[in-house]
Each structure stands twice: as structure tokens, then as C-alpha cells.
Amino acid sequence: MQVILPEMRTKDYKFTTELIKKSRYSRFQDFHNLMRFRIRDILLVSSLYDSFIFEEDGRLYELIRKEYHGLNLSHSPELIQCSSGVEAIELAKAENRFNLIIITLHIDDMQATTFAKKVKEAGLNIPIVLLAYDNREMVEIMRHPDISVFDEVFFWQGDYKIILGIVKSIEDKMNVEHDTNSVGVQSIILIEDNIRFYSSYLPMIYTEILKQSQMLISEGINLSHKFLRMRARPKILLCSTYDEAWNYYKKYEEYILGIISDVDFLRNGKQDSKAGLLFAKKVKEEHPDIPILLQSNVAENEETAFSLGASFLLKDSPTLLQDLKKFMNEHFSFGDFVFKNESGGIVGRAQNLTELEDLLRTVPEESIVFHASRNHFSNWLKARTEFWLAHRLRPKRVSDFNSFEELRQNLIESVFEFRTSRQRSVVSDFNRQTFDSSISTFTRIGEGSLGGKARGLGFVNAFLSNFEIRKKFKGVEIFVPRSVVLGTDIFDLFLEENNLRDFALRCSDDEELFSRFIKADQFPHWLIEDLTVFLQVTNVPLAVRSSSLLEDSQGQPFAGVYDTYMLPNSHPSLRVRLIQLLNMVKRVYASTFRQRAKDYLKVTTYRLEEEKMAVIIQEMVGAEHNGKFYPEFSGVARSYNFYPVNPLKSNDGIVSCALGLGKTIVEGGRTVRFCPKYPHHLLQFATVEDTLNFSQQDFFALELNDWDDTTELTDEMLVTNYDIDVAEEDGTLSHIGSSYSPDNHAIYDGTSRIGAKLFTLAPILKYRVFPLPEILELLLEMGSWGMGSPVEIEFAVNLSVPSGTPRQFGLLQMRPLVIHDELEELDLTEHSKEEVLCESDQVLGNGVEKDIHHIIYVDKDKFDRSKSRDVAREISVLNQRLIKQDQRYLLVGVGRWGTLDPWLGIPVTWDQISGAKAIIESNFKDFNVTPSQGTHFFQNLTSFKVGYFTVNDFLEQGFIDWGWLKKQPQENSMQYTNLIKLKNPLTIKINGHQNKGVVLKPEK
């Protein structure tokens, strides 16, 4: 798939435009766009006899297919035979699918030259190759005045591999200009006018080049990268005259890998017995490092060739092929990089970039200078299709460095940076033999899909590398934590081998479901071996995260539906750590079938059988603090703010941050909310009282206990809630906290003063001790541009790093955020107050809904904040009842919906209210709570296009007619919650452009 960068849309992407100009987007091309012209269908125009000889008793296609398959070529061409020239032209015109015509001299109705002319006259832009069968024919046809009508002439000597030579030669000439200009593909110029010789010689050279490409496949970082490197192999440009070869040389001289040339051929229209020598001399004068091999039947040319700095082979040598292979390996840099000294002694041999980097640290300076002064490093890299690194090294000279040691370090750093960046920009396949935890940041185990969440992470991982965002801010590393993804095929294997699929689909008891999954013990042996290797080099806490096929998709994010578990990964026994990890993987698998996931799916168009689960095993961001692990703060940032308050605009974005792990944010706890563009503008901290009332009082951290393998670990055991004073004892508040002085009734930035400590982020937001607003503004803009929609990101920041080490901004997730449909603006001013049940100017959504006959509402007067969990259970019962009846409803309540803190609202999960078509959030009768945005709850809300109204009596923002609700007949009345069934439907109208909406009472 060709990757085309999206155009700048109407929004001013000030950061993005600058970064695209400076990006390394083309550094690690996957070569999808190379080899645009492919020969897939060949029309063979010949007599039946010629065709029979040519097709080897009907086995030709099978032989060609086998040859292509053996060389890992993706597609072998089809051959269609036709005996008549007229029929062949009609067939080519009618089917319009042939990429090459091969014609022999024996066809029924016209001469080969006449046929070629008629093809051109018919407007068929198809290369035509003449294939001769014997010397007499060859001599006659070469004297024909119209010989130039053929693109190439070859000689059939009974070897079907001639097809490989013909096809690849034509493809190379058609693709060379585009592929060279695109990524710097290298070319080998082959000058030979003896048709018989190059007809046998060209397939030999192609076979060697393709074998070289096959060797590189093993170093590919994933399957796609492995095979697409074949497209970047060197081109072979076959020439028969001096002038043709010189034109190619001048056009691509910076990309010439080498030259193989005859000595005696046409120059300036005349046969010249020294043409090859003159060509070599002229090239060496301009580029002495280009390797040249001269070939001749005249042995006396050897001495002259050597004097020019070229190599020499006798054409009639019995070891010609072996000698050619040796020359290509040594001079075209095929095979290993062999470190030599000035006298030719071998001091080291590198098969790949990793070994090259290692040897550069130890080989003598003499050897490094020897190779660097002759551009051997860049030549070897170009032959291996590592063009970006090759062109970075090529302009540098030994004299550019102050010392040999500086030269050595520059080479080492260049190779390491390239290897690291290449790995980071793709999802690589996990290889337990070569896994390098220092550079392999995002790898996969198993086949199948990565799932939606992992796809998003893979996208972000590539984004950070391609646009050089990782180190854009001094002293900060922006990164996706090292991750290994278990593909969905492992999920399928686990279910099948443990006979769990039918049980899981039918089970309605979550406790029984999880018990059966934990007891299942059949995993593929190769998975166990791979995870063992991973754990051997990974000794930090891990997050085991769901990544289903449907998760974090554009339409339905399934946010918070499936489980994430955290592991200390600290037990001294590798076996225990492995068992604990596998158990958490099983728990994530089980969460696919838990009741809340099944309820969630009921209100979508998907079936549970269609869902598959991948699993992300990700290193956690943070540090160890007195037996527990957590980052200084975690956060959720959105590029779209649903509740902008002047001077903020919706497109300025909004951020919610919490001390410690992100569980506080995900579950709707107290956070610091700010806009990256206006970081000083903190509405919830407008007064001292507000700061004391709304600041975070506790936080979550991971316990680093060494539980043994017999302990069934649960989230409650692993993730513990601590008072904010514990963070002060850990020393994590110094850059993110403030102090309250009761004597002065004042709040001071920083934690040096005596008094209660508060999480405010003041040192960061006011004094820029960490560039958080700038980082978030950049990432939100780049993410919105890259995904083509507003985005939500989750992140964690670790400031507790060793001295001299960059502080860490870990990007944990990025997903598209669904905003209102761009429908026609709705007029909301045409209704009287008596007709309106609810009105608000803080509304999420857009459009009209006219088919709502049910209302579930929480009685504002009966509501008791200490009983909010009971309220959530009542709502869940009514929600299930209406879902079974396939009825959507209006939900009305007080406080925050989906909050973690039951004192701030009603702690429902999404599956408990999944049937709601619109939701109204009102303030408590005695307490004001700011709305929450940094939750999975809101992600599902926006993606399912559920209207969301916020009403605040204290601030006179909207109203609800509670009296009308209480007067309606109750279909079901519970302790705190009531269900109303209306004879005529409600009408819900939302103007997404103005963030305003009304709910109209039923028409009488």
C-alpha cells in the first residue's frame, strides 16, 4: 500500500507543517511503491512447433513458477500462446492485460518485424522481445533494417531461465527512473552486444542478485518488510553500445553499484575494440570507487584493465560463473562485510547491521580508515537496500574527523541510531534468537490481528519516529512503552485447545467464567518460549491490556469494556513471573465474554462470535517508591473540549491529570483539568475553597510484593489506594504539588512550605519545570492530523529518573474521538418553556431523536450520596429490562455519571446504562460538581452518539422540569429510581454547532 501524507485541512496545523518538512518519513521506506511496472501476462506469438519446443512439453509455466517461488518472487507471469500475428494483435487489444509480447521468427501470417510495426500502429504500448532459435536466424535478423522495432533481442538456448532474464530486464528498464528517484535504488550497468552471451549471462546475474536479496529477507523486521526488500534490489541495465551505457551512467551516476562490461562494442556508431576500456577509464576518473568488471575473449586486455583499477574475466573461462559470483560478493558488497587491513588481511566479518556495529567497536583503527576512505561502508549498505544510512555516510570523508576515534564513534552511533529508529517505526516480529530489548520497542507474537488498541499504539509509535518527536523537547523522552502484542490467532488457539468457546459464549456467570479460564492451561509451546525470553530481559512492572478487534475503532471504541491488569513482575523466580503473566492473559481473554461485554454488544450491530482478542503486554511508566510503583502523574487529553468556557474554544482541547496511576481518571475521580493552550486557566481552582474541595486527596499505585504462583492475583490486591501524604513521603510531589497554609488561608506553589499538600500541577503549568502543555499541544495536533479526526490520548509522566537521564513522557494510547455529525444546524428557539422538559447550553451530540417513550430518572429529593452504589444497581436493573424490550430511553440523574468517587455522582459502568439514547446530568440539590471528560465513559458516549446534557442550577446553566417528571405515572418505582413509560414520545433536539439542546415533552 502506498502511503500518501494527508493534505493540510482548514485547521491551522502550525506544529505539523513544520515537522513534516523536517521529518524522516522516507527514512524507513517499506518499498510498497517500488516496482510499479510488473510483467504479469506474456503473449507468446510463435508457431505451434516453436511453442512446443519453448514450453518443454507443457512444463514451462510450472518450471517458471517453481523458479519464481524458489527466489521468493511474489508473482510468476502467465503465458498465452498465439500462432497468428493478426489474432495476437486482436487478442492484445481485446483483453488489454498483456505486459510483454515475445515473438519468434516463425509465425503463420507475417514477418516478425511486420508484426512489431503493426503492434505499434495499433497503439499497443507493450514491450516486444524477439526470441531467435539458431545462429543463422540470429545473423539474418540482426542485419534487418527494422531491427530497432524490437525492444530487446534474445537467443533461446534451451534454458527456461531466459524468461527470468527477459522479464526482469524489461521491468528494470521500465522502473529504474521512478525507483531511483523515490528511494535511491542502485543499478548495475551491463554492457554486452553479443546476444548469445548476454542471453545466458543475464539470467545468471539475476539469480545471484535475487539470492542476495533472499539473504536480506532473514533480517527483515517483519514479514512485510522482509519481502518488500526484494523490490529494492539493484536494477540491471542491459546496454549494447557505448552511448547507451554512458547515458545511463550520467543519469544515475550517484546510484551506480557497479559496471560489468564487454570490451569490444559500438562506440559513436562504429565497432571499437577498446570501447570497454575507454568507458572504464572515463568512469574511474569521475568515480574511482565504482567497481568495474571487464570481460573479454582477448587475454591481453587483462593488464590494461588492472591498470585502470578494474577487474577482469575471460569470457571462455570454465569458472566464469564462480568468478562472477566472487566478484559481485567482494566488489558489489554482496554477502558479509569483511573487515580488512591495508595488506588485505581479514580482521573481522559482519553478516548484518548488529554485527557490524559490534565489530566497529573492536576492529583496529587501520581497518576502519581503510574501508571508510574507499566508501566501502556506504556501498555495502546500498547493496543491502539500507539507502538512508548509506547516503548519510557517503558524503563524509576521513579528513572530516579530528581523530580516528571520532570517526569510529560516528559510525557506531549512526548504525545504532538507524537500527533503533527502524525498529521503533514498525511493528516487528518477535524473534527469541535476536530479540534486543534496547531497540525492539513494539513487537508481535503470533499471527492474526493486533486488535484496535495495539493498532493505535503501533500508529503512534511510527508517528513519533517518522516525525522526530521523541526527542523534540530538551531533557524529555516521548515514547510508547516497550510492548509485545499477542495476535488474535493465539486467542483462537487458546479457546479451541481448552474447549472454551461454546462455554464462554453461553456462560452468564462471570465468576464461573473467570474460574474456567484461569484453570485452562493449554498454550502453544512456542508462545511459552517467546514469553520466557521476553521476561528474561524485562524486569519492570507490566500492564496486560486488552486489544480486541473492535476496540478503539472509529465507530465503536469499546472503551473500558474489557480488562487491563497490572503485574509487579518482581518475583525472583522466572517461572513464577511467567505463570502470573499467563494468568493475566487468561483474565483478559475471559473479559471478552463477561456479562458487561455481552450487554455492550447488544446495542451494537456486532455479534460476540465476531469478536477476537489480542493482548498487549506493556512495560509500565513510573518508578519504585517505597515498595510501590507509580508515575508522578497520569493523564487523558482530548483535542476537542465538549465544555469550553471563555476564553477556551472546543478545538483548543482539554486535559485531565491525576497523581499516580490513571485509574483515578478512567473511573471519574478528582483531577486537574486544563487546556494546553491556556494552562494557567484552571476553573476548578479559581478560589482557595475550590482548590481544597476539588483537588485530589488520594492516588493509586501498584504494590511490588513478591506473590507466589499459588496466589490468585486480583486488581484489588495489586492496585492500592493511598492518601496524598504518602506521595509527599515518597518525594513525588515536589514538581507537581502545592501547599496550603491554614494560618494565611492561602495556597502556595511547591511543597517546601509547612501545611497540607495538594496535587495542582502548579510548578509545571505556571513555571514550566516540565513542558507538559507544549508536548500535549503538539501531540494532539499531530494526532488529529494523522488520524483525520479529533483524538484522545492517554499518557503517564515519570520525573523520578536518574541524574542525567531524560524525564519520561509515556504515550499509552491514542484513539479517534467521535464528534457530532455535521448535520444542518437546528433551531432551538421555537419552543415555549412549558413545552420543554430540559434545556442546556452544555450539550454533547447533534441531531434530532423522536422515538423515546421511556424515562429512567433518579429522584433528586430522595437521592443519598452515601447510597450512590445502590442507585447504580437500580439503574442497571431497569436498563437490562429495557434492552430486552429493545427500547431506548432518556436517563436523568444527579452528580457525575460514571464517577469513581461515589460521593461525586453515580458510579455506573457503561454496560449499566448502555440502552440510554440521551443522558441528563444535574447538580446535587446541595452541592455543585464539575462535569468529567477524561473517562472511558465519555469515549463510549460520543461514539454511540448518545446526547449528553449538563444542567447546573447554581450557575443558572439550563433547567430540568422535575415537577413534570414526578407527576408522570410510574411504570416501576424503586427506592431512588423511577421508570416512566410515555404514550407519546419525547423529542430530543441538539445543535452540535452551538453545543445547545432541548428535550421536549410529548405532544398532547
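1. Asp-698 is partly exposed, at a relative accessible area of 33% (buried means under 20%, exposed over 50% and partly exposed in between, with a 1.4 Å probe and protein chains only). The residue sits in strand S27, residues 698–703 (helices, H or I with at least four residues, and strands, E with at least two, are DSSP runs numbered from the N terminus). A note on the basis: this is a predicted model, where local features need pLDDT of at least 70, side-chain atom pairs count only at pLDDT 80 or more, and totals for chains, interfaces and linings use all residues. Residues are numbered from 1 along each chain as its sequence is written, and side-chain values use heavy atoms, with hydrogens and water left out.

2. Asp-698 also belongs to a negative surface patch, together with Asp-723, Asp-725, Glu-728 and Glu-729. Patches take residues with over 30% relative accessible area and no salt bridge, joining like charges within 9 Å and nonpolar side chains (Val, Leu, Ile, Met, Phe, Trp, Tyr) within 5 Å. Helix H29 (residues 724–730) gives the most to this patch, with 3 residues.

3. Asp-563 is buried, with a relative accessible area of 8%, and forms a salt bridge with Arg-594, the closest N and O atoms lying 2.5 Å apart (a salt bridge is a side-chain nitrogen of Lys or Arg within 4 Å of a carboxyl oxygen of Asp or Glu). Arg-594 is buried as well. A salt bridge also joins Asp-563 to Arg-596, at 2.8 Å between the closest N and O atoms. This pair links distant parts of the chain, 33 residues apart: Asp-563 is in the loop between S19 and S20, and Arg-596 is in helix H25. Arg-596 is partly exposed, at 23%.

4. The structure holds 39 salt bridges. One of them joins the side chains of Arg-97 and Glu-95, at 2.4 Å from N to O. Arg-97 is partly exposed at 31%, and Glu-95 is partly exposed at 37%.

5. On to the sheets. An open sheet of 6 strands runs in the order S15-S16-S18-S21-S19-S20, with mixed pairing (two strands pair if DSSP finds at least two bridges between them). Its edge strands are S15 (428–429) and S20 (564–567), each pairing on one side only.

6. Elsewhere, strands S36 (residues 847–858) and S44 (residues 977–991) pair in the antiparallel sense over 9 bridges. Glu-849 stands opposite Ile-988 in S44. S36 also runs parallel to strand S37 (residues 889–894), joined by 4 bridges.

Terms used: Areas by Shrake-Rupley, 256 points an atom, 1.4 Å probe, with all protein chains shown as cover. Lys, Arg positive; Asp, Glu negative; His and termini not counted. Charge placed at Lys NZ, Arg CZ, Asp CG, Glu CD.
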